[in-house]
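Morning, everyone. Let me put the model up, and then we'll walk through a few contacts.

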Amino acid sequence: VDEQLNFYFLEMNTRLQVEHPVTEMITGLDLVELQIRVARGERLPFAQDDLKIHGHALELRVYAEDPMNNFLPSVGTLLKYRIPEGDGIRVDGGYEEGMEVPIYYDPMLSKLVVWGANRAEAIQKMKEAIAGYDVEGVATTLPFGQFVLDHPAFVSADFDTHFVQHYFSPDKLIERQQEEAQ
């Protein structure tokens with residue numbers, strides 16, 4: 001808003017963003033509930049100055065995609081599908097063991113969100129949560145997520161939107177799998 005009360009938007013999203021659980025975890029607010037209350041004509045029960053951020057949260061979208069094959073969708077039956085649980089771990093998903101992952105829709109299995117007191121703790125919590133998944137029947141992006149979390153550029157927060165282009169190739173995952181097998 002400028003001095004003449006002209007409004008300018010760089011971007012406007014009229015829906016709740018898919019990353020909203022990150023905000024919920026660091027603020028303790030339920031954004032879905034608040035959005036419904038506002039839609040009913042209620043006022044927000046707090047002011048901007050009341051908002052506080054606590055800790056650090058990360059989100060990983062878990063897709064039925066194959067990072068070894070240019071992230072192409074991986075369709076099939078979830079023969080085994082167990083998700084991580086525990087303090088500071090939130091999984092928003094719509095799949096269960098035995099369900100079919102079809103080619104016709106977005107192959108996102110779940111959103112994995114973790115909270116830690118700081119960035120390092122959140123990264124460690126995310127690594128533990130990734131290890132807590134047990135998926136058979138489709139390829140997932142979980143190995144790629146682990147790759148990202150272990151990469152020095154991500155750990156140091158010295159990266160940009162070209163992270164995949166600069167640092168990732170399927171060969172990196174193959175090397176890692178071979179090292180872990182020894």
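Start at threonine 140. Setting aside neighbours within four places in sequence, threonine 140 is in contact with Val62, Tyr63, Ala64, Glu65, Pro67, Leu109 and Val135; contact means heavy atoms within 4.5 Å. Threonine 140 is buried, at 9% relative accessible area. Buried is under 20%, exposed over 50%, partly exposed in between, with a 1.4 Å probe and protein chains only. Threonine 140 sits in the loop between β9 (134-136) and α4 (142-150).

Some ground rules. This is a predicted model: local features need pLDDT of at least 70, side-chain atom pairs count only at pLDDT 80 or more, and totals for chains, interfaces and linings use all residues. Residues are numbered from 1 along each chain as its sequence is written, and side-chain values use heavy atoms, without hydrogens and water. Helices (H or I, at least four residues) and strands (E, at least two) are DSSP runs, numbered from the N terminus.

Next, strand β8, residues 108-116. Seven of its nine residues are buried. β1 (residues 56-63) pairs with β8, antiparallel, over eight bridges; pairing takes at least two DSSP bridges. Alanine 57 faces tryptophan 115 in β8. β6 (residues 89-93) also runs antiparallel to β8, joined by five bridges. There, arginine 90 partners valine 113.

Last, a charge and a ring. The charged end of arginine 119 sits over the ring of phenylalanine 154, 4.6 Å from its centre. The rule: NZ of Lys or CZ of Arg within 6 Å of the ring centre and within 35 degrees of the ring normal.

That's my tour. Thanks.
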